[in-house]
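Please look through the sequence and the model shown here before reading on.

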Amino acid sequence: MVNIVHGLLFLMANSIHQPRFSMTFFHPRYWLIWLGLSVLFLVSLLPLPILRKLAHGNAWLLKKLAKKRISIAEQNIALCFPDMPALDQAALLKKHYVTTGMALFETAIGWWWPDWRLRRIIEIEGFEHIEAIQAQGKGVLALGIHNVNIETGCRMLGLFHKSIAFYRPHNNPLMDYIQFKGRARSNEYLIDKRSSKALIEALDAGKLCAYLPDQDYGPRGAVFVPFFGVEKAATISATLMFARRSNCIPLMLSTQTTQRGYKVKFYPPMEDFAAQEDVAALTDLNQRIDSIILEQPESYLCMHKRFKTRPPGEPSLYQ
């Protein structure tokens with residue numbers, strides 16, 4: 001009962017400002033965006049197997065139009081898997097083109113598919129871990145990874161258990177509105193990424209909160225610990241702060257592709273994560289992330305400069 005009251009008070013005090021529809025969205029400067037969104041919506045009506053075939057066409061365009069991102073992905077794979085033969089690295093990169101090409105359609109799936117259509121292609125694994133944590137009156141800090149199907153994953157998670165996540169407003173007002181509505185469609189609400197206090201309060205209220213700690217967010221608050229083949233990878237320490245300052249238990253979360261569709265997968269609780277020393281805790285976290293990525297490496301977002309932040313005095317790892 002205390003948790004219910006606490007949760008209601010929290011919701012009343014911490015409602016976030018949601019993007020509103022504006023008549024200015026009909027201005028000519030938005031017409032190309034409307035056209036692109038309309039085409040994407042119509043294509044997303046096709047069956048999933050056909051969308052997966054069309055993803056190969058997107059992969060071809062990606063190789064032609066996003067050469068800089070391709071170069072980053074090549075370097076990331078080489079850095080993460082230094083002992084992997086060159087032919088295997090090339091094969092992994094080729095698979096990644098296709099999964100990244102599919103990400104465009106997966107965004108549309110996550111934003112616009114009706115619940116009944118999604119429920120036919122998704123499954124969940126490890127949900128008992130969520131139930132066990134919340135039965136103790138604690139919040140769940142679900143630590144996810146940046147798989148390219150993340151937009152679909154966010155929507156799918158909400159179909160099993162409404163969740164709360166950080167939200168970064170889009171620079172374009174129309175895209176901000178569309179993106180917010182799509183991501184919040186089956187979830188409870190979104191928190192501005194600068195509102196750390198709001199996420200802690202949500203966890204204290206016993207909520208399921210998703211947080212992605214696996215990218216390079218710059219030097220501020222970073223600890224350098226191993227990530228795959230890179231011994232000193234900037235890893236955000238805010239993950240520990242959330243775990244230590246709130247009444248929660250963290251666990252890992254991933255969204256994966258399956259032959260039938262997609263899977264939301266929860267891993268066993270990390271009971272002692274917050275009690276560990278910073279370097280040990282974040283090293284353990286990255287090792288868990290490594291293991292999860294290896295379950296489906298072609299699905300991980302390789303086109304982000306994961307190692308852009310270097311310790312003082314060390315050169316860039318990117319050309």
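## Basis of the model

This is a predicted model, in which local features need pLDDT of at least 70 and side-chain atom pairs count only at pLDDT 80 or more, while totals for chains, interfaces and linings use all residues. Residues are numbered from 1 along each chain as its sequence is written, and side-chain values use heavy atoms, with hydrogens and water left out.

## Aromatic rings

A search of the whole structure finds 15 aromatic pairs, where rings of Phe, Tyr and Trp (its six-membered ring) pair if their centres lie within 6.5 Å, and planes under 30 degrees apart count as stacked, over 60 as edge-to-face and the rest as tilted. One of these pairs joins phenylalanine 81 and phenylalanine 228, whose ring centres are 5.1 Å apart and whose planes stand at 55 degrees, so the pair is tilted. Phenylalanine 81 lies in the loop between helix 4 (67-80) and helix 5 (86-112), and phenylalanine 228 in the loop between strand 6 (222-227) and strand 7 (230-236), so the pair ties together parts that are 147 residues apart in sequence; helices (H or I, at least four residues) and strands (E, at least two) are DSSP runs, numbered from the N terminus.

The rings of phenylalanine 227 and phenylalanine 228 have their centres 5.5 Å apart and their planes at 75 degrees, so this pair is edge-to-face. Phenylalanine 227 and phenylalanine 228 are both buried, a term for under 20% relative accessible area, with exposed meaning over 50% and partly exposed in between (1.4 Å probe, protein chains only).

## Charges over rings

The charged end of arginine 306 sits over the ring of phenylalanine 227, 4.5 Å from its centre, and arginine 117 lies over the face of tryptophan 113, at 3.6 Å from the ring centre. Such a contact requires NZ of Lys or CZ of Arg within 6 Å of the ring centre and within 35 degrees of the ring normal.

## Phenylalanine 26

Phenylalanine 26 is placed in the loop between helix 1 (2-13) and helix 2 (31-44), and is partly exposed, with a relative accessible area of 47%. Ring pairs link Phe26 into a cluster with Phe21, Phe25, Tyr30, Trp34 and Tyr177.

## Cysteines

The structure holds zero disulfides, a disulfide being a pair of cysteine sulfur atoms within 2.5 Å. The sulfur of cysteine 209 has its closest cysteine sulfur in cysteine 248, 8.4 Å away, which is too far for a bond. Cysteine 209 is buried, with a relative accessible area of 0%, and cysteine 248 counts as buried at 10% relative accessibility.
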